[in-house]
Amino acid sequence: MSTADRYTYRVRWSAEDGEHLATVAEFPSLSWLATDASDAFTGILSLVAEVIADMEAAAEAVPVPLGERRYSGVFNVRIPPEAHRQLAIESAEQGISLNRLAAHRLVAS
């Protein structure tokens with residue numbers, strides 16, 4: 001498996017372009033258009049492999065694939081005070097912590 005195979009790809013129909021658009025999350029400036037979805041994926045995969053080779057040749061840092069990054073499970077979110085109050089009321093009414101209610105809502109989305 002090459003390094004390019006480890007990144008996070010998406011292929012979707014682009015009505016604007018009238019073709020399938022392939023993108024890669026770790027390289028947001030890259031994309032590939034093709035009339036066939038599998039050709040779009042093959043194209044972006046090849047492009048990413050070329051970009052990685054160029055970056056390595058120039059001794060540039062290559063992005064770590066999202067699937068290989070470590071996540072702590074902790075992040076902070078700022079919300080309006082009234083939304084905070086409403087969530088606190090709901091969590092109290094349900095007899096669960098505010099953190100548990102918020103985590104449940106995020107995962108269920």
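How many helices and how many strands are there in the protein?

1. The model under review is a predicted one. The protein holds three helices and three strands. Read from the N terminus, these elements follow the order β-β-β-α-α-α.

2. Regarding overall dimensions, the radius of gyration of the protein is 20 Å, whereas a compact globule of 109 residues would have a value near 13 Å. Along the principal axes, a box of roughly 55 × 35 × 25 Å is filled by the C-alpha atoms.

3. On burial and surface, 22% of the 109 residues count as buried. The accessible surface amounts to about 8100 Å², and carbon and sulfur atoms account for 54% of that area.

4. As to contacts along the chain, those between residues at least 6 apart in sequence were considered; 31% of them join residues at least 24 apart.

5. The largest nonpolar core comprises 14 residues, and those touching the most other members are Y7, Y9, V24, F27, L30, I44 and V48. Two or more residues of this core come from each of β2 (19-24) and α1 (37-57). The most is given by α1, which supplies six residues.

6. Leaving aside residues up to four places away in sequence, F27 touches Y7, V48, V51, I52, M55 and P63. Of these partners, Y7 and V48 are also listed with F27 among the core residues that touch the most other members.

7. Concerning charge, the protein carries 9 positive and 15 negative charges, and their mean positions lie 16 Å apart.

Note on methods: Residues numbered from 1 in each chain as written. Predicted model: local features only at pLDDT ≥ 70, side-chain atom pairs only at ≥ 80, totals over all residues. Heavy atoms only, no water. Helix = DSSP H or I, 4+ residues; strand = E, 2+ residues; numbered from the N terminus. Rg over C-alpha atoms; globule rule 2.2 N^0.38 Å. Buried < 20%, exposed > 50% of the residue type's maximum accessible area, 1.4 Å probe, protein only. Contact = heavy atoms within 4.5 Å. Areas by Shrake-Rupley, 256 points an atom, 1.4 Å probe, with all protein chains shown as cover. Lys, Arg positive; Asp, Glu negative; His and termini not counted. Charge placed at Lys NZ, Arg CZ, Asp CG, Glu CD. Core = buried A, V, L, I, M, F, W, Y, C linked by side-chain atoms within 4.5 Å.
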